[in-house]
Amino acid sequence: MTEQPMLLEANGLGQVYGRSASIIQKALRIEPRRVAAVRGVDFRLRPGETLALVGESGCGKSTVARCVSGLEVPTDGMVRYAGESMEAIARLALPARRDVQMVFQDPYSSLNGRWTVGRSIAEPIRVLGIETKTARLNEMVADLLTQVGLSPEDADKYPHEFSGGQRQRIAIARALSTKPKVIICDEPTSALDVSVQAQILNMMKDLQDEHGLAYLFITHDLGVVDHMADRVAVMYLGRIVELGTRDAIFTKPRHPYTKMLMEAVPSLDIDAADTPPPLGELPDPANPPSGCAFRTRCPHAQPRCAETVPELERLDGTRVACLRADELAL
Ligand SMILES: Nc1ncnc2c1ncn2[C@@H]1O[C@H](COP(=O)(O)OP(=O)(O)OP(=O)(O)O)[C@@H](O)[C@H]1O
């Protein structure tokens, strides 16, 4: 069987914040809070697939998104798009920059409230020099608005004239405007009502099929993962602890943390949303436990788990970072 070509690749990705004090911290003589937000993260994204990155708030998902999209330069490791370093792409190669786009949780962060929707959607096309003639730009904007279920006339309106779901459709149209191959989606539907969420997710799947898009889909919502993902990477305190197909992760989670996440999925009972998951608190990311960072919450932890950081190793077709994964056979 021939291996599918790799589109986006993270190798040993690491991001440490607070390595040096900011000007204000220096003036106030405050020690910066040093957080290794992401450590040794490896994954590959193939054309047309959806890789979901899941984990609790603070585990480093958004940091991975910012590093992978070129918004931040990682302190360790490397991100490559089609074999080229993202850092180099951000600096130089405009044609490659159009291939990787982002959709954020809050569309206001990507839409300028003072610009018409049409101008916001047209901006990446114009800036990247894909098209500069006004008439053609207007046609492209009208087509993009139609693709996301809005009307060409919406181009003349402003973001505040739309609902949250519609604004996210506009942000998706903007991301699509450069005909990307990868869209990095950081919690794109978590601020929306459940019914609107489903509509946006279904539309994103349709757009994926139509354009052969790959998604790196960041979410803490396992329902969304189940709906969207081909493969799933589970993160805990900055590291990937399990990576496998959606079916493997959902039907036979091998890492104790993945298993606990699955068991903590709240029922559809609305009141359950207020109930904290039975996982306890995430340790302070600035002061993570030694060895396996999950050991302080793990029902299977042994003394040796405090000594060795487990590597992500193959186990029955998935990859698991747990010293006891083999013997536990969860
Ligand atoms: N710019 C920054 N400076 C300092 N620390 C940061 C910065 N950005 C993130 N962090 C810290 O890095 C860790 C990972 O944050 P990140 O936002 O990547 O997690 P997340 O899993 O995306 O969480 P959420 O779902 O809440 O966004 C957290 O401890 C956070 O406080």
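**View 1. Leu 237 sits in the loop between strand 9 and strand 10.** In this predicted model, the phi angle of Leu 237 is near 40°, which is a positive value in a residue other than glycine. Leu 237 is also buried, because 24 other C-beta atoms lie within 10 Å, and a residue counts as buried when that number is 20 or more.

**View 2. Glu 187 lies in the loop between strand 7 and helix 8 (194-211).** The phi angle of Glu 187 is near 50°, again a positive value in a residue other than glycine. Glu 187 counts as buried because it has 20 C-beta neighbours inside 10 Å.

**View 3. An open sheet of eight strands has the order 6-7-8-3-9-10-12-11, with mixed pairing.** Strand 6 (100-103) and strand 11 (313-315) stand at the edges, and each has a single partner strand, so one side of each is left without a neighbour in the sheet. From one strand to the next, the twist averages 20°. Within this sheet, strand 10 (residues 239-245) and strand 12 (residues 318-320) run antiparallel and are joined by two bridges, and Leu 243 stands opposite Arg 319 in strand 12.

**View 4. Leu 216 and Val 234 belong to the largest nonpolar core, which has 82 residues.** Of these residues, Leu 216 and Val 234 touch the most other members, while strand 2 (residues 35-45) gives the most to this core, with seven residues. In soluble globular proteins, nonpolar side chains tend to be buried together. If residues up to four places away in sequence are not counted, the residues that Val 234 touches include Val 54, Gly 55, Ile 240, Val 241 and Leu 261. Glu 242, His 255, Tyr 257 and Thr 258 are also among the residues that Val 234 touches.

View 5. Strand 1 (residues 8-17) and strand 2 pair in the antiparallel sense over seven bridges, and Ala 10 stands opposite Phe 43 in strand 2.

**View 6. Helix 5 (residues 117-127) packs with helix 7.** The angle between helix 5 and helix 7 is about 30°, and their axes are 7 Å apart; this angle makes helix 5 roughly parallel to helix 7. Helix 5 passes helix 7 in a right-handed crossing, where Val 117, Ser 120, Ile 121 and Pro 124 in helix 5 meet Ile 170, Ala 173 and Arg 174 in helix 7.

**View 7. Helix 5 also packs with helix 6 (residues 134-147).** Here the angle is about 115° and the axes are 9 Å apart, and the crossing of helix 5 and helix 6 is right-handed. Gly 118, Ile 121, Ala 122, Ile 125 and Arg 126 in helix 5 meet Leu 137, Met 140, Val 141 and Leu 144 in helix 6.

Notes: Residues are numbered from 1 along each chain as its sequence is written. This is a predicted model: local features need pLDDT of at least 70, side-chain atom pairs count only at pLDDT 80 or more; totals for chains, interfaces and linings use all residues. Two strands pair if DSSP finds at least two bridges between them. Helices (H or I, at least four residues) and strands (E, at least two) are DSSP runs, numbered from the N terminus. Axes are lines fitted to C-alpha atoms, for helices over the stretch in contact, and angles run from 0 to 180 degrees between N-to-C directions. A nonpolar core is a set of buried Ala, Val, Leu, Ile, Met, Phe, Trp, Tyr and Cys residues joined through C-beta atoms within 7 Å. A residue is buried if 20 or more other C-beta atoms lie within 10 Å of its own, exposed if 12 or fewer, and partly exposed in between; C-beta atoms are placed from the backbone. Two residues are in contact if their C-beta atoms, placed from the backbone, lie within 7 Å. Angles under 35 degrees count as roughly parallel, over 145 as roughly antiparallel, 65 to 115 as roughly perpendicular and the rest as oblique. A crossing is left-handed if the near helix is turned anticlockwise from the far one by less than a right angle, and right-handed if clockwise.
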